[in-house]
Amino acid sequence: MADNNEFENAINNSSLSDKSIQTYTHSYNRLMSYLNSPILSFTEKQIINKIDKIDAPSMSKNSMLSVVSLIRKDMGLSTEKLTEYRKKLNENHYDNKQKSNEVLKENLPSLNTLQEFTTQLYKEKKYTDFIINYIMLNFNTRNMDLDLTLISNKKFANDSINYIYKTNKYLLLVRNDYKTRDRYGVKKTKIYNANMMRAFKELLGNDAEHTLLTQRTNINKYIQDKTFNGMGEGRYVKVVLNDYYKNGNIDGFKKVSDNRGTSLDVLYKDYNIEM
């Protein structure tokens with residue numbers, strides 16, 4: 001049976017954040033479910049052969065590879081072959097994504113269709129659905145960004161959560177908890193849209209605060225079910241970027257990059273189905 005001392009030692013000697021440690025731990029446990037010996041008992045070539053045979057997406061294999069690299073580096077061992085294999089996995093990942101995007105390109109709705117859908121939600125007084133779609137469509141957020149609290153006064157603000165409150169002139173959306181917070185910092189967005197202000201008022205009522213997402217067990221599915229035809233946030237971003245590309249709006253890419261907390265390189269590779 002495998003001994004996890006090698007993993008614990010590597011983690012203790014690293015400077016990984018708590019969230020990264022959780023990710024590495026998950027990947028380590030998954031990898032060890034396929035192995036019956038410690039990672040250090042394998043050569044680079046042997047561990048690559050083991051990972052290569054696992055029935056999993058390229059990025060999942062990449063995560064397992066990161067664990068192996070962490071442990072080997074902690075022991076001062078070579079990771080040259082692992083680096084070469086990682087390049088191969090990345091190439092496979094982007095090749096598959098490009099093929100998938102070509103299919104999506106034929107099936108995605110227009111930006112105008114999503115805007116009309118969002119407006120209709122407001123007309124039907126589906127205010128929670130409207131806010132989710134409006135923020136996702138206009139500010140290109142991930143699902144976790146929408147796990148936010150509506151508050152009646154700034155004094156109820158909590159720096160560890162996402163929240164939104166009304167000033168005299170606009171709503172202020174504050175994102176403290178999102179995927180790339182450590183790199184891009186707290187994001188504050190002013191929203192002047194009248195329909196958003198009305199939806200905010202209707203949901204909050206006379207309460208001090210209101211949780212936007214009422215279903216807590218599976219936030220991703222909850223949000224996806226409220227999008228147009230169950231498209232989800234990833235495809236919403238594709239629609240927006242595709243529209244910018246068709247109209248030659250390069251500044252639009254920069255706007256999405258800033259809104260989402262994502263580099264332009266990632267947008268070009270992962271989201272823009274026309275590039």
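Reader: How many aromatic pairs does the structure hold?
Author: This is a predicted model, and the structure holds 8 aromatic pairs. One of them joins Phe130 and Tyr134, whose rings are 5.7 Å apart centre to centre with 40° between the planes, a tilted arrangement.

Reader: How far apart in helix 7 are Phe130 and Tyr134?
Author: They are 4 residues apart in helix 7, which spans residues 127-139, so about one helical turn separates them. In general, an α-helix has 3.6 residues a turn, so residues three or four places apart point the same way.

Reader: Are Phe130 and Tyr134 buried or exposed?
Author: Both are buried. For Tyr134 the relative accessibility is 14%, and this residue therefore counts as buried, the cut-off being under 20%.

Reader: And what about the rings of Tyr134 and Phe139?
Author: Tyr134 and Phe139 form an edge-to-face pair, because their planes are at 70°, with the centres 6.2 Å apart. Phe139 has 12% relative accessibility and so counts as buried.

Reader: Which residues do ring pairs link into a cluster?
Author: The cluster consists of Tyr122, Tyr127, Phe130, Tyr134 and Phe139.

Reader: Let us step back. What does the chain come to in helices and strands?
Author: The chain has 13 helices and 5 strands. Its C-alpha atoms fill a box of roughly 65 × 45 × 30 Å along the principal axes. Of the 275 residues, 44% are buried. Among contacts with a separation of 6 or more, 61% are between residues 24 or more positions apart.

Reader: On to the strands. In which sense do strand 1 and strand 2 pair?
Author: Strand 1 (residues 148-151) pairs with strand 2 in the parallel sense, over 4 bridges. Within this pairing, Leu148 has Asn162 of strand 2 as its bridge partner.

Reader: And strand 2 with strand 3, parallel or antiparallel?
Author: Antiparallel, again over 4 bridges, with strand 3 covering residues 171-175. Tyr163 has Val174 of strand 3 as its bridge partner. Strand 2 and strand 3 form a hairpin, with 4 residues between them.

Reader: What sits over the ring of Tyr178?
Author: The charged end of Arg175 does, at 5.7 Å from the ring centre.

Reader: Where does Lys187 lie, and is this lysine buried or exposed?
Author: Lys187 lies in strand 4, residues 187-191. Its relative accessible area is 9%, so Lys187 is buried.

Reader: Which backbone oxygen does the side chain of Lys187 reach?
Author: It reaches the backbone oxygen of Asp258, at 2.7 Å. Leaving aside residues up to four places away in sequence, Lys187 touches Leu173, Val174, Arg175, Tyr178, Asp258, Asn259 and Gly261.

Reader: Let us turn to helix 12. Which of its residues are buried?
Author: Helix 12 (residues 250-260) has Gly252, Phe253, Val256, Ser257, Asn259 and Arg260 buried. Seen down the axis, the buried residues fall within an arc of 170°, so they line one face of helix 12. The face turned away from the buried side carries Ile250 and Asp251, which are exposed.

Reader: What caps the N-terminal end of helix 12, and what follows the helix?
Author: Asn249 is the cap, with a side-chain oxygen 3.3 Å from the backbone nitrogen of Asp251. Gly261 follows helix 12 and has a positive phi, near 75°.

Reader: Now helix 9. Which residues are buried there?
Author: In helix 9 (residues 194-204), the buried residues are Met196, Met197, Ala199, Phe200, Leu203 and Leu204. They lie on the same side of helix 9, because they cover an arc of only 165° around the axis. Ala194 and Lys201, on the other side, are exposed.

Reader: And what is found at the start of helix 9 and just after it?
Author: At the start, a side-chain oxygen of Asn193 comes to within 3.0 Å of the backbone nitrogen of Asn195. Just after helix 9, Gly205 has a positive phi of about 60°.

Methods. Residues numbered from 1 in each chain as written. Predicted model: local features only at pLDDT ≥ 70, side-chain atom pairs only at ≥ 80, totals over all residues. Heavy atoms only, no water. Pairing = 2+ DSSP bridges. Helix = DSSP H or I, 4+ residues; strand = E, 2+ residues; numbered from the N terminus. Phe/Tyr/Trp six-rings, centres within 6.5 Å; stacked < 30°, edge-to-face > 60°. Buried < 20%, exposed > 50% of the residue type's maximum accessible area, 1.4 Å probe, protein only. Lys NZ or Arg CZ within 6 Å of the ring centre and 35° of its normal. Arc of directions from axis to C-beta. Polar contact = N/O pair within 3.5 Å; in protein donor to acceptor, adjacent residues only side chain to side chain. Contact = heavy atoms within 4.5 Å.
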